[in-house]
Amino acid sequence: MNITNTGGDPTILIDRKIDDETTSVPFQNLGSHKDAVVTFTSEGTTSGGNLVIEESDLPSYTGTWSNIRTQAASDFTGGAKKCIHIRLGAGLWTRVRISDAITGGGTASASISGA
């Protein structure tokens, strides 16, 4: 998936998931570096678990991607939103991954805007 700034609705990366190692489809930042916002949202209680924003030079890379940010699901529990401002490197591939299963009975979602 390639993302460009269209000014429209955010692109959904992960939609109401809980499972460890759930990974979004990687997207490529076209053109020069860009500022973007990844928004994490919960439905219900998310008392544990982590999600990571990570990047690689190849979308098919199967090793450990480079970590941009780790976000605890407990920081956006009960329907709260957590907006994380990031800078995307030119031409790099970015994804969101649940690195530790979401616990507490709720689900987690992630979207990106401005990329």
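Four strands build an open sheet in the order S2-S9-S4-S7, and their pairing is antiparallel. Strands here are DSSP runs of E, at least two residues long, numbered from the N terminus, and two of them pair if DSSP finds at least two bridges between them. This is a predicted model: local features need pLDDT of at least 70, side-chain atom pairs count only at pLDDT 80 or more, and totals for chains, interfaces and linings use all residues. Residues are numbered from 1 along each chain as its sequence is written, and side-chain values use heavy atoms, leaving out hydrogens and water.

At the edges of the sheet sit strand S2 (11-17) and strand S7 (81-88), each pairing on one side only. From one strand to the next, the twist averages 15°; axes are lines fitted to C-alpha atoms, and angles run from 0 to 180 degrees between N-to-C directions.

Let's look at one pair of neighbours. Strand S4 (residues 34-43) runs antiparallel to S7, and 8 bridges join the two. Within this pairing, Val37 has His85 of S7 as its bridge partner. In general, strands of a sheet pair through backbone hydrogen bonds.

Now for two backbone angles. Most residues other than glycine have a negative phi, yet Arg16 and Glu21 each have a positive one. Both are partly exposed, meaning a relative accessible area between the buried limit (under 20%) and the exposed limit (over 50%), with a 1.4 Å probe and protein chains only.

| Residue | Location | Phi | Relative accessible area |
|---|---|---|---|
| Glu21 | loop between S2 and strand S3 (27-29) | about 70° | 42% |
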